[in-house]
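Reader: I want to learn how to read salt bridges and helix faces. Please show me with a case.

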Amino acid sequence: MKKRLLALLISAALYLGMLPTVALAAEEVRETGFFTEQTHTELNFEDLKYIPADEEAIRALMEETRALMEDPKNMEAVGQNYDVMLDQLFQMVSMYRLLEVKTRQNVTDTELALEKERLVGNYSALADEASQLIRDILFSPCAAALDSRLTEEDIEYYKEYEDKTEEELAFSSEEVEQTNEYQLMAFQPITVEYEGKTWDEDSIYNAALAGEVDPITYYEVSNQLARLKNQTLGEYYIQMVEFHKSMAEFYGYDNYGDYAYENLYERDYTQAEIRSFHAAVKTYIVPVLALVEELYYNDLDDGTLSEDVVYADYTGDVALDMMEPYLKKMSSELVESFTYMREHGFYDTGYSETKSQGGFTTALDYWGAPFFYNCPNGNLYDFNTAVHEFGHYNDMFWQPMDMESESKNIDISEVHSQGMELLFSHWYPELFGEAAEGVEHFMLYQLLSSVVEGCLYGELEQYVYATDNVTLSQINREYRRLCGEYGMVEPGDPRRAV
C-alpha cells in the first residue's frame with residue numbers, strides 16, 4: 001500500500017472535419033503480449049452512480065474490530081474486517097474521482113462541488129480513524145493478521161502513525177473548496193470594451209479566424225482580456241499559494257514544492273536536482289523548438305498545413321474514428337483497451353459550454369476502468385490530445401487498480417502518452433495525405449513546447465513558493481523573465497511585465 005490512506009485523495013489528481021482517410025483492407029490484428037490481464041467492470045460509464053459511503057457502518061466495523069483484536073483467536077475475523085474496511089475506503093476514493101469527472105463536465109453544478117468537498121472531509125476523518133486502528137492492531141495480540149496484508153514499509157509507517165488534529169483533517173477539504181472556487185471563477189466569462197464593441201475570448205478568436213478583425217484589433221483586445229484575467233485570477237491564486245505554504249509547513253516540509261514532489265508527483269528527485277535539467281532544456285531544447293516552430297509556421301504560410309486541417313472539427317468521436325483503424329497495426333492490446341473505452345463510454349471528448357478547460361485521464365479504480373476527458377480547443381491540438389491521452393488510458397487499463405498497488409510517478413506515465421504520439425505519427429501520411437509533414441511538425445512543436453513550458457512553469461512555481469509574501473507583480477515579472485530565457489519572447493526588461 002505505497003499510497004497511505006490519507007494521501008490517496010491527494011493523488012487522485014488530470015478533437016476533425018471530414019479529412020480524407022485511406023480505406024484499409026481487412027487484415028489481422030498484430031498480436032502482442034506486453035501487458036498483464038486485469039479485471040474491468042462490465043458497466044458503462046453512464047451506469048456508474050455516486051453513492052455516499054455509509055460512515056456509521058464503517059465506524060461500527062472499526063469498533064467491532066477493536067473488540068476482536070484483543071483475543072488472538074479472532075485473528076481471521078480481524079483480517080476479514082480489515083479487508084472490508086479497506087474496500088469501503090477504496091470505494092470512497094473512487095467515488096471522489098467519479099465526482100471529479102462529473103464536476104469537470106459541469107463546472108456550474110455547485111451541488112456536486114459541495115458534495116465533493118463533503119466527501120473529502122468525511123474520508124479524511126475515516127482514513128485517520130482507520131490508520132489509528134491499523135496501528136493499534138499491529139500492537140495487539142492479532143498483529144499477525146496484517147502480516148500478509150501490509151509490506152514491511154507499511155508496518156513501520158503505521159506503527160509510528162500519530163492521530164491527526166482537526167486542523168490537519170481540514171486541509172484536504174479546504175484545498176478542494178479552493179480548487180472548486182478557482183475553477184468556477186476561471187469559467188466565468190471576462191469581457192472588455194474596444195471601439196464601442198464588447199468582446200470576450202471566444203468572440204475575438206472567432207472574429208479573427210473569420211477575418212472580421214485586423215491583427216491590431218485582435219492584439220489589443222486579447223491583451224486587455226489577458227490583463228483583466230491575470231488580475232482577476234491572480235489575486236485568488238496568491239491566496240491558494242499561501243494556503244499551500246501553510247499546509248506544507250504543517251506537514252513538516254520547509255517548502256510546498258518539496259511536499260508536492262513527494263506526495264503529488266511521486267518524483268524520485270528533488271527541486272534542487274531538477275534545476276540542472278532546466279538548464280539543459282534552455283541550452284539544447286529551446287533552440288530545437290525554435291527550429292521546429294519555424295518549420296510549423298512555414299507549413300502554414302505555404303499551405304503545406306492548410307487551415308482546413310488545423311481548424312477542422314476533431315471533437316467527440318471524430319478523432320477516435322480516425323485512430324481506430326491504425327491501432328490494430330500497432331497492437332492487439334491497444335485495440336482491446338480502445339474498444340473497451342468506446343463500448344463502455346469511458347471518455348468525454350465532446351464540446352460543452354459547461355466543461356472545465358484541459359484534458360486528463362484518471363483511474364476509476366473501484367470499477368477497474370480509466371476515464372479520458374478533454375475540453376476541446378477547436379483545432380488540430382484536439383487530435384493530438386486524443387492520441388496523447390489514449391497513451392495514458394492504455395497504460396492505466398493494464399495496471400492493477402487496488403489499494404495495495406504501487407502507483408507510478410507522473411514522469412513515467414508521460415512516456416506512454418508522448419510515446420504514443422510519436423509512434424502514431426507513422427500513420428500520418430495515410431491520415432492526412434499531403435498535409436502529413438505539416439501535422440508532424442505541429443506534433444513535434446507541441447511535444448517540445450510541453451517540455452519547455454513544463455520547465456518554465458516548474459521554475460516559476462519554485463520562485464513563487466520560495467518567495468515570502470509573493471505579490472502578483474512579482475510573479476508577472478518573474479514569468480516575463482523566464483519567458484525570455486525559454487525563448488517564448490525576446491529577452492527584455494522584466495519590469496515591463498504586467
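Reader: Glu 55 and Arg 59 are how many residues apart in helix α2 (residues 55–68)?

Author: First, the basis. This is a predicted model, where local features need pLDDT of at least 70, side-chain atom pairs count only at pLDDT 80 or more, and totals for chains, interfaces and linings use all residues. Residues are numbered from 1 along each chain as its sequence is written, and side-chain values use heavy atoms, with hydrogens and water left out. Helices are DSSP runs (H or I, at least four residues), numbered from the N terminus. Glu 55 and Arg 59 are 4 residues apart in α2, which means a separation of about one helical turn.

Reader: What links Glu 55 with Arg 59?

Author: Side chains of opposite charge can pair when their charged atoms come close. The rule for a salt bridge is a side-chain nitrogen of Lys or Arg within 4 Å of a carboxyl oxygen of Asp or Glu. Glu 55 and Arg 59 form one, with their closest N and O atoms 3.9 Å apart.

Reader: Which helices hold Arg 342 and Glu 324?

Author: Their side chains form a salt bridge, 3.1 Å from N to O. Arg 342 is in α13 (residues 332–343) and Glu 324 in α12 (residues 318–330), so the pair ties together parts 18 residues apart in sequence.

Reader: Which residues of helix α5 (residues 152–159) are buried?

Author: Buried means under 20% relative accessible area, exposed over 50%, partly exposed in between (1.4 Å probe, protein chains only). In α5, Asp 154, Ile 155 and Tyr 158 are buried. Exposed Glu 152, Glu 153 and Glu 156 are on the face turned away from that buried side.

Conventions: Helices (H or I, at least four residues) and strands (E, at least two) are DSSP runs, numbered from the N terminus.
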